[in-house]
Amino acid sequence: MLTSIAANHAKGKSAEDTIFAANAACVAAAKKIGAENVTNATIGAILDEDEKLVCLPTVNKVFRSLSTDELIAYAPISGLPDYLEEVLNAAFGDSRPEGYMAAVATSGGTGVIHHAIWNYMDEGETALTSDWYWDPYSVLCNDMGRKLDTYTMLDENNKYNLPALKAKVEEILSKQKSLLLIINTPAHNPTGYSLSEEDMQGVIDILKNATEGTGKTVTLLLDIAYIDYAGERQAVRKFFKKISNLPANILTIVAYSMSKGFTMYGQRTGAMIGVSSSKEVIDEFKGINQYTSRATWSNINRPAMKTLATVYKDPELLAAVQKERNDYYQMIKARADLFMKEANECGLKCLPYIAGFFLSIPDTDPEAVCNKLHDDNIFAVPLKAGIRIALCAVPLKKIGGMAAKIKAAQDAVHK
């Protein structure tokens, strides 16, 4: 009996995203007992204290004021010119790195990761990221015939583990001619950790030393999806100066996303920003990634791009957006402060949280703990090594007592 007509590389593909599955379970519970009785810690989007999806008011106003042509017309494949210019300001702020750079519009930050895997890895090669990571990194690699390996992100003192990174970089480069290294910072998903400027310098030194005189190359992919909710806007961008004028065999790609900073989640708009000391490398960067855009989605969301360009060209609009972002950053920070305070009081062990949408709790059986939490109508996301809590989605009134309930669920599972 015929069971498949798919190509060999596609046979057996199936993925039920754990995040969306956890959210679906929560939605079903809310319908049964009422949303007020359910804690939804699964959603990677900002919900206000009334649990309504947040859209920054100024962004909403600008987006809805665009002309019909701006709303519906095609955009150039590489992106609107004013968007490509202003997205550099949005990404780097006052810390624009030195070197040649270019931007290519992408379908969200995920589009950047897709292009980087496809254009800077050969089939069968292995990319590298930390052991706590956003699961679609692995899905994207597997779908394109690549592999993903990990290093231990934090050492025994919960500091960034540069020795573990060094060992893995050297191991992979001993087997292949190039390496794609993915680092999500600041406000890492799923832990809320951020690399310091010293950590970033350590990363750069490792990459330089591992490739010097070898003829091998590294693409450093910095996923900055949560940067606008990572702290004081200029302070959290200072690490970008570390990628200035790196050797030509090290290309930095910055994955910028409008989903978080502009609260335009479903508009799927981002930018792939390349930084190199080599003009030739950046010329190639523009050419190959624009080509892959044409071969993947053709062009992307024009009105979202126009919204960013409009905001960043107008000081008053930008000031309003920055204030609105800061207000929601402070809202999320208050939730995190309360959760971490109560976690310390009840003995719940969490990974070090600095900022961002999420925090993580290590556990050896996260799925069982998450299932146990359903007894208290708390829904969280089970990861390979722990539990992800979406602070961005849980109002302060539901944060209180939550850490103790998670600790009780752990104790029940591991008794």
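At what angle do helix α12 (residues 315-346) and helix α15 (residues 402-413) pack, and how far apart are their axes? The first legend below answers this for the predicted model.

**Figure 1. Packing of helices α12 and α15 in the predicted model.** Helix α12, formed by residues 315-346, packs against helix α15, formed by residues 402-413, at an angle of about 45°. The axes of the two helices lie 8 Å apart. An angle between 35 and 65 degrees is classed as oblique, and α12 and α15 are therefore oblique to each other. In passing α15, helix α12 makes a right-handed crossing.

**Figure 2. Residues at the contact of α12 with α15.** Helix α12 contributes F339, E342, A343 and C346 to the contact. From helix α15 come M402, A403, A404, I406 and K407. Of the residues in this contact, seven are nonpolar and two are charged, while none is polar.

**Figure 3. The salt bridge between K398 and E51.** The structure as a whole contains 21 salt bridges, and the following views present some of them. The side chains of K398 and E51 meet with an N to O distance of 2.9 Å. K398 belongs to helix α14 (residues 396-399), whereas E51 is found in the loop between β1 (39-40) and α2 (57-64). The pair thus connects distant parts of the chain, 347 residues apart. K398 counts as buried, at 12% relative accessibility. E51, with a relative accessible area of 25%, is partly exposed.

**Figure 4. The salt bridge between E70 and R302.** The closest N and O atoms of E70 and R302 are 2.8 Å apart.

**Figure 5. The salt bridge between D228 and R237.** The side chains of D228 and R237 meet at 2.8 Å, N to O. D228 has a relative accessibility of 11% and counts as buried. R237 is buried as well, its relative accessible area being 0%.

**Figure 6. A network of salt bridges.**

Terms used. Residues are numbered from 1 along each chain as its sequence is written. This is a predicted model: local features need pLDDT of at least 70, side-chain atom pairs count only at pLDDT 80 or more; totals for chains, interfaces and linings use all residues. Side-chain values use heavy atoms; hydrogens and water are left out. Axes are lines fitted to C-alpha atoms, for helices over the stretch in contact, and angles run from 0 to 180 degrees between N-to-C directions. Helices (H or I, at least four residues) and strands (E, at least two) are DSSP runs, numbered from the N terminus. Angles under 35 degrees count as roughly parallel, over 145 as roughly antiparallel, 65 to 115 as roughly perpendicular and the rest as oblique. A crossing is left-handed if the near helix is turned anticlockwise from the far one by less than a right angle, and right-handed if clockwise. Contact means heavy atoms within 4.5 Å. Ala, Val, Leu, Ile, Met, Phe, Trp, Tyr, Cys and Pro count as nonpolar, Asp, Glu, Lys and Arg as charged, and the others, Gly among them, as polar. A salt bridge is a side-chain nitrogen of Lys or Arg within 4 Å of a carboxyl oxygen of Asp or Glu. Buried means under 20% relative accessible area, exposed over 50%, partly exposed in between (1.4 Å probe, protein chains only).
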